[in-house]
Amino acid sequence: MDIKTEVLIIGGGATGTGIARDLSLRAIPCVLVEKGDLASGASGRNHGLLHSGARYAVSDPEAARECISENRILRRIAGHCIEETGGLFISLSEDSPQFRERFLMACEEAGIPTALYSRDQALELEPELNPDLLSAVKVPDGAINPFELVRANAKDAERHGAKLLFHTGITSLLIDQNQVRGGLALDLLSGEDYKIEASFVVNATGAWVNQVLKLAGLRIDMALSKGSMLITNQRLNQRVINRCRPASDGDIVVPNETVSILGTTSVRSEEVEDFEVTPPEVSLLLTEASRMIPAIRGARLIRAYAGIRPLFQSGGTGGDRQISRSFALIDHGERDGLKNLMTITGGKLITYRLMAERTSDLICRKMGVDVSCSTHLKPLPVVAESLRPKDRLQKIAPGGEVLCDCELVRREELEEILETMQFRDIRDILHRTRLAKGTCQGGFCVYRLLGLLHESGLVKESPNKVLKAFLEERWKGIRPILWGGALKEEELIESIYKGIFNLKDSVEFGVGSSE
Ligand SMILES: Cc1cc2nc3c(=O)[nH]c(=O)nc-3n(C[C@H](O)[C@H](O)[C@H](O)COP(=O)(O)OP(=O)(O)OC[C@H]3O[C@@H](n4cnc5c(N)ncnc54)[C@H](O)[C@@H]3O)c2cc1C
């Protein structure tokens with residue numbers, strides 16, 4: 001299957017799907033190629049914070065202004081992906097009052113509205129906060145569901161003519177006379193490879209940008225910064241809680257549906273896929289986050305995970321927290337003499353639309369096309385029925401079968417999805433339904449899903465092999481938080497799996513063998 005198109009977009013995170021949507025709304029043909037599923041890079045490995053920009057107001061005013069402007073646009077066009085929680089920046093006794101004053105002024109300069117609350121007002125709003133807090137500043141932070149956001153962009157792009165290929169990696173670039181002409185793609189599941197001819201190639205691969213640029217003998221200065229996060233089994237805060245001090249480890253707790261997400265660390269990494277969460281990171285996050293919300297100490301954790309921030313370095317020698325969170329759009333024709341290749345990287349999840357707009361504007365200028373961006377005006381489509389457990393509860397009919405008890409995923413819902421999607425990998429279903437994303441992390445439901453897949457004949461390989469791969473991946477997120485209640489539940493889950501599959505010990509099944 002060889003393909004011809006106008007623009008080849010490499011990378012199916014928020015940025016790549018945002019570009020596919022923007023271009024297709026301007027009627028420019030494009031093909032997006034993603035080596036995993038949608039949002040399998042940093043777009044699916046973050047806090048889900050709808051930044052107000054306040055975190056960057058003091059240190060990175062440009063990024064702060066981008067965030068507040070995009071925050072307002074996303075509330076208009078992607079309301080169904082957002083929970084309008086609001087946020088607080090709290091000051092504890094060890095936090096400098098001078099920093100709070102600078103913070104308030106910097107927010108005002110960046111156009112971020114704030115309100116100063118006393119200790120008592122803050123505790124009334126958020127009773128679990130540390131009672132020793134001195135004050136809190138209210139900001140328009142929120143929570144955003146990255147998977148729904150990326151899927152909505154992908155759906156709208158497809159609706160307007162874009163072609164999206166998943167589990168397909170770009171393995172080389174077609175270059176002729178200092179001009180890029182497309183790329184060679186490999187379907188990583190079927191092994192099929194083919195040629196995609198294109199007038200322009202956009203490298204929207206986030207932390208992987210240098211791997212793609214290497215195919216053309218190029219590189220840019222990037223710092224890869226690993227950030228680890230922990231998820232509690234219940235929601236401890238209604239608003240996003242930040243620490244009012246210069247950005248540092250463990251200074252944020254983001255509510256997300258029924259859980260809270262504790263973030264984050266910043267560790268320089270050489271590896272693009274270094275997703276290991278280490279015991280010191282877990283301790284640090286717990287210590288720092290429980291200074292803000294003491295109940296975190298006694299809360300049960302359900303998962304640890306990490307993402308890699310793609311930070312574009314334009315000189316400077318400071319630490320990773322000093323590198324701007326703004327983005328870089330690089331025209332390799334101008335920079336390196338290789339025409340029609342562009343790289344877009346850095347930025348934030350919530351600035352993806354602006355990044356896509358700037359990239360699409362550049363392509364339009366080069367093509368001589370005079371159509372303006374409309375992504376800030378047109379609402380994103382709702383992709384599927386609501387994934388929120390409280391909405392799903394209404395849909396459970398008497399006697400209806402629920403496969404995932406934590407996220408209330410019904411058998412019917414899964415059957416519908418399997419009918420409409422082209423099934424390629426078990427993870428595609430988990431991203432689309434939130435099955436296995438709840439308190440048991442798939443311990444009680446994934447074998448039920450496999451039963452369904454087996455019945456429908458969709459799993460070509462042995463179901464045990466699929467299950468083993470899932471459990472090994474799950475184990476990476478569970479292992480760093482195994483103590484207390486989590487350990488007990490894990491032992492229960494282990495015995496369930498041993499019982500169902502008649503296993504004598506974990507070695508026979510291979511659980512943990514990837515470690
Ligand atoms: C710990 C952490 C917390 C964060 N928290 C927030 C937050 O709360 N709010 C916020 O706004 N931002 C946050 N961010 C930043 C945000 O997640 C990223 O800036 C954003 O998701 C980057 O999106 P992207 O599409 O550019 O890159 P990615 O989402 O990484 O997408 C790149 C894609 O390219 C694909 N790819 C790579 N190589 C190839 C190839 N050869 N062929 C095909 N495909 C390829 C990858 O599989 C990947 O899916 C956080 C980041 C981290 C790491």
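**Buried positions and an enclosed ligand**

A143 is buried, at a relative accessible area of 7% (buried stands for under 20% relative accessible area, exposed for over 50% and partly exposed for anything in between, using a 1.4 Å probe and protein chains only). The model is a predicted one, in which local features need pLDDT of at least 70 and side-chain atom pairs count only at pLDDT 80 or more, while totals for chains, interfaces and linings use all residues. Residues are numbered from 1 along each chain as its sequence is written, and side-chain values rest on heavy atoms, with hydrogens and water left out.

A143 belongs to strand β8 (residues 142-144); helices (H or I, at least four residues) and strands (E, at least two) are DSSP runs numbered from the N terminus. Setting aside residues up to four places away in sequence, A143 touches G48, L50, C81, I82, E83, T85 and P255, where contact means heavy atoms within 4.5 Å.

F200 and M342 are 142 residues apart in sequence, yet their C-alpha atoms are 8.0 Å apart in space. M342 is also one of the residues that F200 touches, along with E6, V7, L8, N340, I363, K366 and M367, again not counting residues up to four places away in sequence.

S52, in the loop between β3 (49-50) and α2 (61-77), has a relative accessible area of 0% and so is buried. A polar atom of the S52 side chain lies 3.1 Å from the backbone nitrogen of A54; a polar contact is a pair of N or O atoms within 3.5 Å, and within protein one must be able to donate a hydrogen and the other to accept it, with residues adjacent in sequence counting only if both atoms are side-chain atoms. Beyond its neighbours within four places in sequence, S52 is in contact with A64, C67, I68, N71, I112, V139, P140 and D141.

Now to the helices. α1 (residues 14-25) has 12 residues and spans 16 Å from its first C-alpha to its last, close to the 16 Å expected at 1.5 Å a residue (the expected span is 1.5 Å times one less than the number of residues). This helix is mostly covered, with 12 of its 12 residues buried; among them are T15, I19, R21 and D22. After α1 comes A27, with a positive phi near 65 degrees.

α12 (426-433) is largely enclosed by the rest of the structure, because seven of its eight residues are buried. The buried set is I426, D428, I429, L430, H431, R432 and T433. These residues pack against α5 (146-159), α10 (389-395), β22 (409-410), α11 (411-420), α13 and α14 (463-478). R434 follows α12 and has a positive phi, near 75 degrees.

The loop between α12 and α13 (446-455) holds Q441, which is buried at 4% relative accessibility. The Q441 side chain reaches the backbone oxygen of G438 at 2.8 Å. With neighbours within four places in sequence left aside, Q441 is in contact with I302, R303, A436, F470, R474 and I478. A436 lies in the loop between α12 and α13 as well, and is buried with a relative accessible area of 8%. Although not a glycine, A436 has a positive phi of about 75 degrees. L408, in the loop between β21 (402-404) and β22, also has a positive phi, near 55 degrees, in a residue other than glycine. Its relative accessible area is 15%, which makes L408 buried.

What about the ligand? Of the 37 residues around it, T15, E34, A42, S43 and L49 come nearest (near means a heavy atom within 4 Å). By class, this shell has 13 nonpolar, 19 polar and five charged residues; Ala, Val, Leu, Ile, Met, Phe, Trp, Tyr, Cys and Pro count as nonpolar, Asp, Glu, Lys and Arg as charged, and the others, Gly among them, as polar. A polar backbone atom of A14 is 3.2 Å from an oxygen atom of the ligand, and a polar side-chain atom of N46 is 3.3 Å from a ligand oxygen. In the side chain of H47, an N or O atom lies 3.1 Å from a nitrogen atom of the ligand.
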